[in-house]
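Please examine the sequence and the structure below before reading on.

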Amino acid sequence: MRVLVAGATGAMGGQLVPRLAGAGHEVFAMTRNESSKARLSELGAETVIADALDRGQVEAAVLDAKPDVIVHQLTAIGHVDTRHFDRSFAATNRLRIEGTDNLLAAGRRVGVQRFVAQSNGAFTYARTGGPVKTEEDPLDPSPISQMAPMIAAIGHLEKAVLGADWTEGIVLRYGAFYGPGTSMAPGSAQLEMIRKRKFPVVGDGAGVWSFIHIADAAEATVAAIENGAPGIYNIVDDDPAPVAEWLPELAKRLGAKAPMRVPRFVGRLAAGEAGAVLMTELRGASNAKAKRELGWRPAHPSWRTGLQVS
């Protein structure tokens, strides 16, 4: 198949593009930077240049590539400052709204058979009920103000993709990434914070996180591209865990002292309300549907063994 990957220069693109090329697909990587051409060529892709926020450029790129499948992996997430969570996700929110609409409009013009889009299953589920959610459970209907724009953007993306009745729309709700090129890679700022005891357990640490190794996420994405049915899939590992469990375990593996514990109000002062929510109220996600319907199994079934610290 001819597959266009939008957002091919990120951590996911670096894993996804060579897998698609290796499986015999003709891969087109959409990027706004001419400087990325050489690296994308090495990964096995032909480059098409377009700014995802410019509809005319996106349409020209898609018309040039004439893909059977569009894969939307557009994000612009750098360091996440939980005190200013909305600012940290502002650029990504635009890509998930305007970028999604532009790609869908272009895809409709060329009649793409399948449209696969990156969503988020790590920080978006309703913070009520049981600790682990399925694809049938709703996104948070009443998020805190700092997280509301991100969840609204996710909601827009999912509604647009699943509502496109002219193509097969697939939404992949990825868990929190770890592995090469992610914010939880060896030597990353986040792991160094844990090593230096600057990442405390806030309150009861009951927020449940679902992780996924970036390579496993890429394998699941290939499965969705090749044989996924329309719908939503949680792409997470088998081991959702509360902060009070995974953070001390990770500190131990880093050779650090156990993380400090601080009351919720102290954590809120230091990390903002979003930081407190991430530590105390998150819900995890089940991967049962992805396993059953995509025929996918994570090679790293648990962050406990998959996450490399050095």
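Helix α5 and helix α6 (residues 148-162) pack at an angle of about 15°, their axes being 8 Å apart, and α5 is therefore roughly parallel to α6, a description applied to angles under 35 degrees, with those over 145 called roughly antiparallel, those from 65 to 115 roughly perpendicular and the rest oblique. The axes are lines fitted to C-alpha atoms, for helices over the stretch in contact, and the angles run from 0 to 180 degrees between N-to-C directions. The model is predicted: local features need pLDDT of at least 70 and side-chain atom pairs count only at pLDDT 80 or more, whereas totals for chains, interfaces and linings use all residues. Residues are numbered from 1 along each chain as its sequence is written, and side-chain values use heavy atoms, with hydrogens and water left out.

On the α5 side, N93, R96, I97, T100, D101 and L104 meet P149, M150, A153, I154, H156, L157, A160 and V161 of α6, where contact means heavy atoms within 4.5 Å. By class, this contact of α5 with α6 has nine nonpolar, three polar and two charged residues; Ala, Val, Leu, Ile, Met, Phe, Trp, Tyr, Cys and Pro count as nonpolar, Asp, Glu, Lys and Arg as charged, and the others, Gly among them, as polar.

Helix α5 (residues 90-110) also packs with helix α3 (residues 55-65), at an angle of about 40° and with the axes 9 Å apart, so that α3 and α5 are oblique to each other. Here α3 passes α5 in a right-handed crossing, and the contact is made by R55, V58, E59, V62 and L63 of α3 together with D101, N102, L103, A105, A106, G107, R109 and V110 of α5. The residues of this contact of α3 with α5 divide into seven nonpolar, two polar and four charged.

A search of the whole structure finds 18 salt bridges, each being a side-chain nitrogen of Lys or Arg within 4 Å of a carboxyl oxygen of Asp or Glu. The table gives some of them.

| Salt bridge | Closest N and O atoms |
|---|---|
| R2 and E26 | 3.2 Å |
| E219 and R19 | 2.9 Å |
| E281 and R264 | 2.7 Å |

Salt bridges that share partners join R127, D140, R264, R268, E273 and E281 into one network. E281 is partly exposed at a relative accessible area of 21%, and R264 is partly exposed at 28%, the term covering values between buried (under 20%) and exposed (over 50%), with a 1.4 Å probe and protein chains only. R2 is likewise partly exposed, with a relative accessible area of 26%, and E26 is partly exposed at 39%.

In the loop between β8 (176-178) and α7 (189-195) lies P180, which is partly exposed with a relative accessible area of 48%. Leaving aside neighbours within four places in sequence, P180 is in contact with A11, Q15, A185, H213 and I214. The C-alpha atoms of P180 and H213 are separated by 8.7 Å, although these residues are 33 residues apart along the chain.

Terms used
Helices (H or I, at least four residues) and strands (E, at least two) are DSSP runs, numbered from the N terminus. A crossing is left-handed if the near helix is turned anticlockwise from the far one by less than a right angle, and right-handed if clockwise.
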